[in-house]
Amino acid sequence: MDMDRAAKLKKYGTKHSHALGKKNRNASVEIKVAVIAAVMLCALGLLFFAFHRKKEASALGYVTKAELASCMSFLLEDTLPKEWQQDADSYVTQGQMKELIRNIGLAGIVSMSGGNEPLKREEVMNCYEQILDYLDLDHSVNEKMILILSSDGKSCQTQFGSMKWECPVQGLADFYTYEVYVQDQKILGIKAQSEKTAALREVQVCSVSDDKVRVTYEQEEYEITCKDKEGLEELKGAEASCTLCIKGGVITKVKNISKENSMKGEAGKEGNKEKNASLPNTVKVLLLNQGAIHYDQIYLACDDKWTLKKNEKKTVHKKSDVVSVKKLKIKKGNFAVAEPAKAEGKLYLTDKKGNPVSKGYYGTITIYKDGQGYYLVNKVNIEKYLYSVVASEMPASFGAEALKAQAVCARSYVYRQMAAEDYQDYHAQIDDSTNYQVYNKSDVVNADMQAVEATAGEVMYAQDEIVNAYYFSSSFGRTANMEIWGQKEKDYPYLKIKSLNPADTSSDKLDLSDEGDFKKYISAKEADVFDSSSRYYRWQAKAELSVCTKELKDKIRIRQEINPNQFTFYSTAKKKVRKVSSLKGFGGAKKMYCSKRGKSGAVLVLTIQFEFGKVEIESEYNIRSIIGCTMEQITYADGTTDTGSRFLPSAYFSLSYHKKNGRYVLTGGGNGHGMGMSQYGAAGMAQAGWNYKQILTFFYDGVKVRTINKK
């Protein structure tokens, strides 16, 4: 049936009209078109504005192709289509993510549906973490929570110092915290904005207004809004250092306020008197269990009356009491505190029968419980802590002046390390091992205590900062600077290359980076130097590669996990050299050689060649540890030998290969990293009549020894 006329006109309009109404009708249509066009333009403008506002507001809600490419850079191979570079700022879609998953061989393992819809950041990063689980076998990418203090698109300042952007990300704001993916101090991408609070410690306050604080942190100045009104009031009217708790762009809490500028030492009433810093008088030491943090079981005793406090309940124990920590039934997340009744009392770790398995500890021992077991923190007066450090680090036979120098070094060093708070997750500041300073491993004698007491409160300053007073056992005749750890020499001007030959007045300028010059120096029968009494002054080691390939690779993997940025792997399979992420497919070990030597003579880069690859190893500790597992025998300057050593004494050595027996011979000298004070050198100087301040100002260029105030 045909539609009626009205219905047809409504649906299709009409081509026929009376001539009389045609003109009016055309005019009406033109007006309608103009109105519709205007409305559409306004609508498009609003949509455009809204779209850009939405894109800006949601920039962190999605992931650009450039950011995903940055996240995938850990593979060291191109896994993304080249056309992605043309629209790198566009957001990653479902289909593109699916294509990436297929390209890297994880189709069917990591699920993703296709489509043109942009994926939210949470979805992209969920897939990315699955990719890491399968492909980042070396765990080179890590998650980290950072507080962004400032950013210029290439790098950003955080609570951990400066970090580089592999790819800038839009939508980030200063003084907000973010969960990020990091590789080799480079930020690969953002996981999400964090809801956690970040702490800035040892912040110097410059000025305070009604709701803002201007501060200096790591030599940079920032102005931050503060919501802690009470904290603001306390900061007004005085120079102060403090801890700032920051979340969501503002300071939520001001803590640990000190009315003195921490770690500063100059500026007096008349401009020429020293204003000493006010520093803590106690240190919190994590007591390691043969290198591990946790213990399964602990027994405690004391040489006098002592108490144990748990959940505000205190029990008193006699001298003869031995307490099993398990019987305290400390719940996960809780703790108990052991404390001698007298200040001179000492706590001991013992076996079940009460026989000591440690030297005695002054101060308190706190037993914490977490999901992995128990861990112990000794809170002790710094001067009493130093009794044991000096005893553990230097023999009393080295002489009074050498012991005093050691005490000042150890005191300076502990104050610098405490400020870093590396063990804050374990309620501690340092540990008791060579990671920091050896503590409580040797019996304290009167000479140790006298050295500490004679230098009480004395530390070394370079300008207005306490120095990083590194020290080591003995040299090969020269000390090193920060090049051995790949750091800038200008940042540590007091650590310079020094000759320990008292008759040598010119070799401070000698550059031993040339392989021939170093071999000539290390092989020469030089006149005695201050620390040539050490058996490590010269040594010769024999090493063999081919029989220990597995152990060698295992050691490389272990060290690379700890310091990924100090290892570079190259595959040489099919005669094509390319960077790779691991030793996979390298085959057997073939040879090793020094690729780069520093001015001090230290090997800075060691290359180990395999059948189908090679690895470049940086940093003296890595080099000593890895070569150590290839050593068969080492002969010292006094003629003694050792066949059980698995750690090279130093990185100051030359390499030669003997084809006849297939062995390497390493001719070297010194024991330790070689930077700062040589302990044997200090002993030689003390024997030659030097006092401790002369010893210190020789090894640490331009420093001043000052006495600090303590809180």
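**Note on the predicted model**

1. D554 is partly exposed, with a relative accessible area of 29%, where buried means under 20% relative accessible area, exposed over 50% and partly exposed in between, taken with a 1.4 Å probe and protein chains only. This residue has its place in helix α11 (residues 549–562), helices being DSSP runs of H or I with at least four residues and strands runs of E with at least two, numbered from the N terminus. The C-alpha atoms of D554 and L583 are separated by 9.9 Å, the two residues being 29 apart along the chain.

2. This is a predicted model, in which local features need pLDDT of at least 70 and side-chain atom pairs count only at pLDDT 80 or more, while totals for chains, interfaces and linings use all residues. Residues are numbered from 1 along each chain as its sequence is written, and side-chain values use heavy atoms, with hydrogens and water left out.

3. On the overall fold, the protein has 14 helices and 38 strands, and 47% of its 711 residues are buried. Of the contacts (heavy atoms within 4.5 Å) with a separation of 6 or more, 63% are between residues 24 or more positions apart.

4. The largest nonpolar core has 99 residues, and those with the most contacts inside it are I367, Y385, M677 and Y700; such a core is a set of buried Ala, Val, Leu, Ile, Met, Phe, Trp, Tyr and Cys residues joined through side-chain atoms within 4.5 Å. Helix α8 (residues 400–420) gives the most to this core, with eleven residues. A second, separate core of 32 residues includes Y536, I626, L648 and Y664.

5. Leaving aside neighbours within four places in sequence, M677 is in contact with a set of residues that includes M394, A405, C409, Y470, F472, L696 and Y700.
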